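Reader: Could we go through this model together, part by part? I'd like to start with the ligand.

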Amino acid sequence: MTRQPAVSIRGLNVWIRGKHVLKNIDLDIPEAAVTVILGPSGSGKSTLLRTINRLIDFVPGAKVEGKVLVFGVDALKADPYELRSRIGMVFQTPNPFPHMSIYENVAVAAKINRVAKTREELDQIVKWALEAARLWDEVKDRLHDPPTALSGGQQQRLCLARALAMRPKLLLLDEPTANIDAHNTVMIENALRSLVEELGLTIILVTHMPHQALRVADYIAVIYNGQLVEYGPADEIAVNPKHEFTVKLFKGEVG
Ligand SMILES: Nc1ncnc2c1ncn2[C@@H]1O[C@H](COP(=O)(O)OP(=O)(O)OP(=O)(O)O)[C@@H](O)[C@H]1O
């Protein structure tokens, strides 16, 4: 791995209400690539994402030890609001703001981060973000409708556009296609690849689906029972998985 890591994790341990959820994780996540965190339900994938952007602060009884650097910033000591303003996040369940229009859902993120100075700039960012999320063509004539007028898959692409409008350097996605159909899944996966290849965004995607990992990942980190059991380039892991658990995962015997 030649690139400078975007996220560097050392000796990370997380306990939630006394349960040891992440165990001594060391992981360097490269810039301008998709890194997939792959593992079965309950293995600690979401906790790892929440630690990187400090949403872990909201988990009752959570205790964190170790070091997490996000673009060189000590994430565990940084101001969490400032940290999160530079990290986009898309959750498993589409969660657009229901009381805001489609336009406002995207514009609000750009406004919070002061990405746009004029109305024209804001319009451009909203259009850019909706295009990048592969939603523009479907909503350009109804930007002032509520997001509830959209399908679940469209709502999830709207949430992706909202995250992108902040112009983050790092984008985290937690099982973003778990609740949407195959067509929307492909659109989101293609959007993520373009964001990396054309804009150099750094993406960390959590999934329990090995086939999704193989479709989108440059690197795959396999987590099992709170431990990082395997990490490397996706094409190497696909051909020659080293850990017994990864072999079972790709055979569909676990997960
Ligand atoms: N808010 C919480 N309260 C109590 N325990 C929690 C909480 N969040 C996570 N845990 C514990 O941490 C473990 C790891 O959870 P986490 O959500 O990180 O796993 P995951 O791999 O993302 O699983 P899933 O795919 O089901 O979301 C869980 O088994 C659970 O026991």
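Reader: Which helix gives the most to the shell around the ligand?

Author: That is H1, which gives 3 residues to the shell; helices (H or I, at least four residues) and strands (E, at least two) are DSSP runs, numbered from the N terminus. Helix H1 (45–52) and strand E2 (19–30) each supply at least two residues of that shell. Before going on, please note that this is a predicted model, in which local features need pLDDT of at least 70 and side-chain atom pairs count only at pLDDT 80 or more, while totals for chains, interfaces and linings use all residues. Residues are numbered from 1 along each chain as its sequence is written, and side-chain values use heavy atoms, with hydrogens and water left out.

Reader: OK, and how many residues surround the ligand?

Author: There are 14, the closest being Ser 41, Gly 42, Lys 45, Ser 46 and Thr 47; a residue is near a molecule if one of its heavy atoms lies within 4 Å of it.

Reader: How much of the ligand does the protein bury?

Author: The protein buries 68% of the 630 Å² that the ligand exposes when taken alone, with accessible areas from the Shrake-Rupley method and a 1.4 Å probe.

Reader: Switching to the sheet, in what order do the strands run?

Author: The order is E2-E1-E4-E5, 4 strands in an open sheet with antiparallel pairing, where two strands pair if DSSP finds at least two bridges between them. E2 and strand E5 (73–74) are the edge strands, each pairing on one side only. Strand E1 (residues 5–16) is joined to E2 by 8 bridges, and Ile 9 stands opposite Leu 27 in E2.

Reader: And helix H3, is that mostly covered or exposed?

Author: H3 (residues 102–112) is mostly covered, with 8 of its 11 residues buried, that is, under 20% relative accessible area, where exposed is over 50% and partly exposed lies in between (1.4 Å probe, protein chains only).

Reader: Which helices do those buried residues pack against?

Author: They pack against helix H4 (119–132), helix H5 (136–139) and helix H6 (152–164), contact being heavy atoms within 4.5 Å.

Reader: Last one: Asp 137, buried or exposed?

Author: Asp 137, found in helix H5, is exposed, with a relative accessible area of 60%.
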